[in-house]
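Subject: Handover of a structure and its findings

Dear colleague,

Please find below the structure that I am handing over to you. My notes on what was found in it come after the display.

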Amino acid sequence: EAIKPEPPLLLSEGGFIAQGYHGGLDELRGLASESKRVIASLEDKYRRLSGIDRLKVKHNRVLGYFLETGLAQGDKLMRAPLNESFIHRQTMANNARFSTVELGELERKIDQAGNQALGIELALWEDLLGEVMGRGPAVLRMAAALAELDVASALADLAHRARQVRPKLDAGLAFHIAGGRHPVVEAALNENVGAFVANDCDLSADGDSRRLWLVTGPNMAGKSTFLRQNALIAILAQMGAFVPAQSAHIGIVDRLFSRVGAADDLARGRSTFMVEMVETAAILNQATARSLVILDEIGRGTATYDGLSIAWAALEHLHETNRCRALFATHYHELTALGAVLTGMANVTMRVREWQGDVIFLHEVVPGAADRSYGIQVAKLAGLPASVIARAQAVLTQLESQAATGRGTQMIDALPLFSAPPAIPEETADARISAALRTVNPDELSPKEALQIVYHLRGLLD
């Protein structure tokens with residue numbers, strides 16, 4: 001009741017006590033408002049007295065209230081008999097400024113009222129502070145209660161709108177998510193392109209489940225999203241929220257470890273790979289059987305055999321020593337062979353389909369292992385020049401052939417650094433039309449633009 005809903009920034013400006021809170025303050029403020037009417041009346045009086053219609057009452061911080069008119073009219077005010085009532089204050093380039101005894105008296109009263117009002121406001125402020133401090137514990141309890149209500153109601157609203165469910169939490173080592181979804185990615189998809197593809201995840205350390213999943217599959221297929229969504233579901237469940245899934249049974253996680261993305265710390269002399277290794281070391285040294293770990297692309301920042309060896313050893317350590325529930329995403333397909341010897345590890349992969357030389361990501365997690373990463377197809381989707389894609393495909397074919405025959409030393413001769421890129425097959429009319437249509441957004445076309453596109457597509461058939 002005491003403070004205005006939108007008070008000024010500084011106490012020294014005044015005007016922060018609400019109207020109606022203090023009668024004396026309201027009276028002083030009324031005087032300030034009344035002064036505006038009095039000033040308007042004085043301005044009219046001085047115009048009639050001087051015969052100058054353009055005479056105006058103005059105010060600034062230096063002179064306070066003053067009368068202003070043009071230089072020609074100012075000469076009139078400086079001559080008798082008007083100079084007895086109008087006191088010359090200042091001559092400007094185009095104007096002359098004057099005051100009167102009556103105007104000076106009014107300014108003094110207004111200033112006094114303003115100072116008195118500010119004094120009352122500051123005194124009321126001190127009283128209010130004392131009142132609040134005296135009730136400090138009650139105010140803090142109320143704030144804490146409001147915060148809890150705010151969080152609970154927001155989470156309840158989200159659970160209703162986003163089709164979330166209440167998770168089951170216990171002291172076991174279960175981690176069974178049916179139809180899990182990434183809450184942020186799902187929200188973005190719902191606003192733009194369509195539904196999120198839900199996936200199951202069962203890392204339960206009891207029964208027939210395997211607590212460590214090795215996730216393989218192409219770039220852009222959804223491995224990182226799958227890892228993060230399960231970590232987020234664990235966090236949401238243990239903070240007391242519903243979770244984006246059909247059902248969720250989670251044994252309490254003591255700590256959640258995450259090693260995803262790429263970052264450096266050059267100021268401390270740490271390269272991207274060094275940061276990756278420091279974070280991996282923290283996980284391998286601290287994770288317990290009750291922990292949940294997500295690891296994405298361990299060992300990719302160094303040479304192939306070095307990286308593969310590190311990833312291999314880290315995977316074995318997680319399985320044999322940490323014995324934690326973990327999701328381990330990798331492009332090292334050689335690691336899938338460990339599924340035959342590590343009893344707690346399962347191979348899963350992201351489903352894809354190939355169609356007319358393109359790869360279609362289905363975003364489904366299924367049992368099995370990927371045989372390749374489809375990196376060149378992803379590069380094509382990203383827009384690399386056709387000549388680069390064709391050259392990369394030729395290099396890949398040669399590399400795979402050399403690896404199969406063990407003749408890796410012949411690569412320099414087989415693929416000279418500056419050899420001409422292979423000829424790119426001429427596009428068919430269907431391919432040209434397909435490429436043109438991919439750039440079209442029907443929802444943004446005017447009728448004229450649509451007709452122009454039809455003529456353009458017709459021309460591609462020639």
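The notes below cover aromatic pairs, a pocket, a helix with its core, and some backbone features.

This is a predicted model, in which local features need pLDDT of at least 70 and side-chain atom pairs count only at pLDDT 80 or more, while totals for chains, interfaces and linings use all residues. Residues are numbered from 1 along each chain as its sequence is written, and side-chain values use heavy atoms, with hydrogens and water left out.

Aromatic pairs

The structure holds three aromatic pairs; rings of Phe, Tyr and Trp (its six-membered ring) pair if their centres lie within 6.5 Å, and planes under 30 degrees apart count as stacked, over 60 as edge-to-face and the rest as tilted. One of them joins F16 and W125, whose ring centres are 5.9 Å apart with the planes at 80°, so this pair is edge-to-face. It links distant parts of the chain, since F16 sits in the segment before α1 (23–50) and W125 in helix α3 (residues 101–134), 109 residues apart. Helices (H or I, at least four residues) and strands (E, at least two) are DSSP runs, numbered from the N terminus. F16 is buried at a relative accessible area of 3%, whereas W125 is partly exposed at 24%; buried means under 20% relative accessible area, exposed over 50%, and partly exposed in between (1.4 Å probe, protein chains only).

Y46 and F86 also form an edge-to-face pair, with 5.6 Å between the centres and 70° between the planes. Here Y46 belongs to helix α1 and F86 to the loop between α2 (71–77) and β3 (87–91), 40 residues apart. Y46 is buried, with a relative accessible area of 4%, and F86 is buried at 2%. The loop between α2 and β3 also holds P81, which is joined to A80 by a cis peptide bond with omega of about 5°.

Second largest pocket

The second largest pocket has a volume of about 880 Å³. On a 1 Å grid over the protein atoms alone, a pocket is an open set of points where a 1.4 Å probe fits, with protein on both sides within 12 Å along at least five of seven lines; lining residues have an atom within 4 Å of a point. The volume is the space filled by probe spheres set on the points, which are joined across faces, edges and corners. Of its 23 lining residues, H331, H333, E334, L396 and E400 are the closest to the centre. Helix α10 gives the most to the lining, with six residues.

Helix α6 (residues 223–238) has 16 residues. Its buried residues include F226, L227 and I233. Just after α6, G240 takes a positive phi of about 100°.

The largest nonpolar core has 34 residues, of which F175, I177, C201, W213, V215, F226 and L327 touch the most other members. Such a core is a set of buried Ala, Val, Leu, Ile, Met, Phe, Trp, Tyr and Cys residues joined through side-chain atoms within 4.5 Å. Its largest share, seven residues, comes from α6.

Other positive phi values

E297, in the loop between β11 and α8, has a positive phi of about 60° although it is not a glycine. E297 is buried, at 17% relative accessible area. R323, in the loop between α8 and β12, is likewise not a glycine and has a positive phi of about 55°. R323 is partly exposed, at 43%.

With kind regards

Notes
The expected span of a helix is 1.5 Å times one less than its number of residues.
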